[in-house]
Amino acid sequence: MKKPYKNLREFIDALDRAGELIRITKQVDPELEITEITDRVSKMRDGGKALFFEKVRGSKIPVLINAFGSYRRMAMAMGEATIDDAAKKISELLAIKGVPKDFRGRTRLLGKLFNLSKIPPRLVASGPCQEIVLKDDFRLSDLPILKCWPHDGGRFITLPLVFTKDPETGERNVGVYRLHVYDDRTTGMHWQTQKDGAIHSEKVRRHGQKLEVAVVIGADPATVFSGVVPLPYGLDELFFSGFLRNAPVELVKCKTIDLEVPAESEIVLEGTVDPNDLRPEGPFGDHTGVYTPVELFPAFHIQCITMRKNPVYLTTIVGKPPMEDYYMGKAIEKTFLPILKKQIPELVDMNFPMEGTFNNAVILSIDKNYPHQAKKVAHAVWGLGQLSFTKVVILVDKSVDVHDLSAVALAVFNNIDPRRDLFFVEGPVDTLNHASPERDFGSKVGIDATSKWKAEGYTRVWPEEIKMDQATREKVDEIWKELGI
Ligand SMILES: Cc1cc2nc3c(=O)[nH]c(=O)nc-3n(C[C@H](O)[C@H](O)[C@H](O)COP(=O)(O)O)c2cc1C
Ligand SMILES: [Mn+2]
């Protein structure tokens, strides 16, 4: 078993050794210039390399970006050779017998399994993330925070791990929610309405209180990844990270708030969110390819910054895909397929096409055993965590390769009778969905492109798919060379 990366710098060294990192010594501007360089790299074949900018105008701190921006680097971050290996590791965990059938039972069991494997986070007395403690004399403007796109509302911390606790149960959550810098001690807190951090915030709002928040910028790569993973509410992301790492995440107590953060973090911001102190957030060039408009989100008031002596500032950019987050999303698609199959047993394969930016479209192939099953699967999707935001759910037979968009289009365009096979629902949608008539609420469509059965009211004979017979194919293989083609 491989030794887990203790921190971000061990990951940087590993990327370097693997030829996956480029060190850039020329000075660059965190305003727009890093985006333009990184965007070009992200559009290269296989996501290019990770970039380590040693000299960034206006800051002494170097910038790491695109660290997760390829299948290979994403697999390395998860401690595996390939993303499929990580998916296999999760399948094996789920294969442990005694898995209850209902979803709540499964969620609890997942927690228990993670527990059993001795990977809960562990508190330690001290850690390098507190080598420097700045209580009064700090300025966010000393950090190399990017302004990503020309019409962004300012600088944004784009890959922060936001640590909060449920005020009622004390359960921890870690989520990546961007921070719009308002001044040297204040940022926005862009936790979208249905995200776990926002739920914590809503709970303290009802009690007229503030929420303590710790923000980690840069940690070991499994922990950073765990912040974007859509785990069920109440499941501590650090268990998932510990599971990937085969080792617990070591935590230290924050200096000014009752939260713990990874001891090996690069930079930590400690403070509070007042759910009633709402401020305009954005605009921000987002992964939907457009600027998300200005909307109200709570402000994050920072009271203390701790860091290593020589910290690295970890960041990313989002924009028209593919960007770094595309590879994170694909890693989630692959590793969550086995979990989803437990809940939707007829599910065969799943593809979040790049242009659907993960929340807006999914293609599912299913093993259809009874009439109208495609509709049942779509409704299951609309009932599950962040999957429930999916605006377009396309269902195809298991014979269709969901990753072959041409094959999917052939099935959809030719198999559907629009009036019969398109069905609509309404419900919560992704906060980033700019097309819905109001924020967080809109409609969704299911497209049943599976073959139709008599039992589904199709009275004609469903046509057979064209396939050459095996004998002829073998014969042609044999004579192919002689044909002069
Ligand atoms: C680069 C990047 C930026 C993100 N920014 C945000 C954001 O600003 N707000 C948000 O709610 N989710 C954002 N997300 C998605 C969340 O991190 C993701 O939904 C995660 O599962 C949230 O954790 P939670 O389920 O514990 O709330 C971002 C994801 C990535 C990869
Ligand atoms: Mn969560």
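Aspartate 440 lies in the loop between strand 22 and strand 23. Helices and strands here are DSSP runs, numbered from the N terminus: a helix (H or I) has at least four residues, a strand (E) at least two. The model is predicted, so local features need pLDDT of at least 70 and side-chain atom pairs count only at pLDDT 80 or more, while totals for chains, interfaces and linings use all residues. Residues are numbered from 1 along each chain as its sequence is written, chains are lettered from A and ligands numbered from 1 in the order in which they are written, and side-chain values use heavy atoms, with hydrogens and water left out.

Phi of aspartate 440 is positive, near 70°. Most residues other than glycine have a negative phi. Aspartate 440 counts as buried because its relative accessibility is 14%. Buried means under 20% relative accessible area, exposed means over 50%, and partly exposed is in between (1.4 Å probe, protein chains only). Asparagine 433 sits in the loop between strand 22 (422–428) and strand 23 (441–448). At 7% relative accessibility, asparagine 433 is buried. Its side chain makes a polar contact of 3.5 Å with the side chain of lysine 391. A polar contact is a pair of N or O atoms within 3.5 Å; within protein, one must be able to donate a hydrogen and the other to accept it, and residues adjacent in sequence count only if both atoms are side-chain atoms.

## The manganese site

Asn173 (OD1), Asp196 (OD) and Glu237 (OE) coordinate the manganese ion (ligand 2) at 2.1 Å. The pair asparagine 173 and glutamate 237 links distant parts of the chain, 64 residues apart. Asparagine 173 belongs to strand 8 (residues 172–176), and glutamate 237 to helix 8 (residues 237–245). Both residues are buried. Along the sequence, the donors follow the spacing N-x22-D-x40-E. Donors are N, O and S atoms within 2.8 Å of the metal (3.2 Å for Na, K and Ca); water is not among the atoms, so sites may look incomplete.

## Around ligand 1

Of the 20 residues around ligand 1, Val176, Tyr177, His190, Asp196 and Gln386 come nearest. A residue is near a molecule or strand if one of its heavy atoms lies within 4 Å of it. A polar side-chain atom of glutamine 386 lies 2.7 Å from an oxygen atom of ligand 1. For glutamate 237, a polar side-chain atom lies 3.0 Å from a ligand 1 oxygen atom. Glutamine 192 has a backbone N or O atom 3.0 Å from an oxygen atom of ligand 1.

## Helix 6

Helix 6 covers residues 196–206, and its buried residues include Asp196, His200 and Lys203. The buried residues of helix 6 pack against strand 7 (161–165), strand 8, strand 11 (211–217), helix 8 and strand 14 (267–281). Contact means heavy atoms within 4.5 Å. Glycine 208 follows helix 6, with a positive phi near 65°.

Six of the six residues of strand 20 (residues 361–366) are buried, so strand 20 is largely enclosed by the rest of the structure. Ala361, Ile363 and Ser365 point one way, and Val362, Leu364 and Ile366 the other. In a regular strand the side chains alternate between the two faces of the sheet.

Strand 19 (residues 347–351) runs antiparallel to strand 20, joined by four bridges. There, asparagine 351 stands opposite isoleucine 363. Strand 21 (residues 392–397) pairs with strand 20 in the parallel sense over six bridges. Serine 365 stands opposite valine 396 in strand 21. Two strands pair if DSSP finds at least two bridges between them.

Four strands form an open sheet in the order 1-2-3-18, with mixed pairing. Strand 1 (21–24) and strand 18 (313–314) are the edges; each has a single partner strand, so one side of each lacks a neighbour in the sheet. Strand 2 (residues 50–53) and strand 3 (residues 63–65) run antiparallel, joined by three bridges. Phenylalanine 53 stands opposite valine 63 in strand 3.

## Backbone exceptions

Most peptide bonds are trans. The bond from glycine 282 to proline 283 is cis, with omega near -5°. A cis peptide bond also joins proline 321 and proline 322, with omega about 0°. Histidine 372 has a positive phi near 65°. At 40% relative accessibility, histidine 372 is partly exposed.
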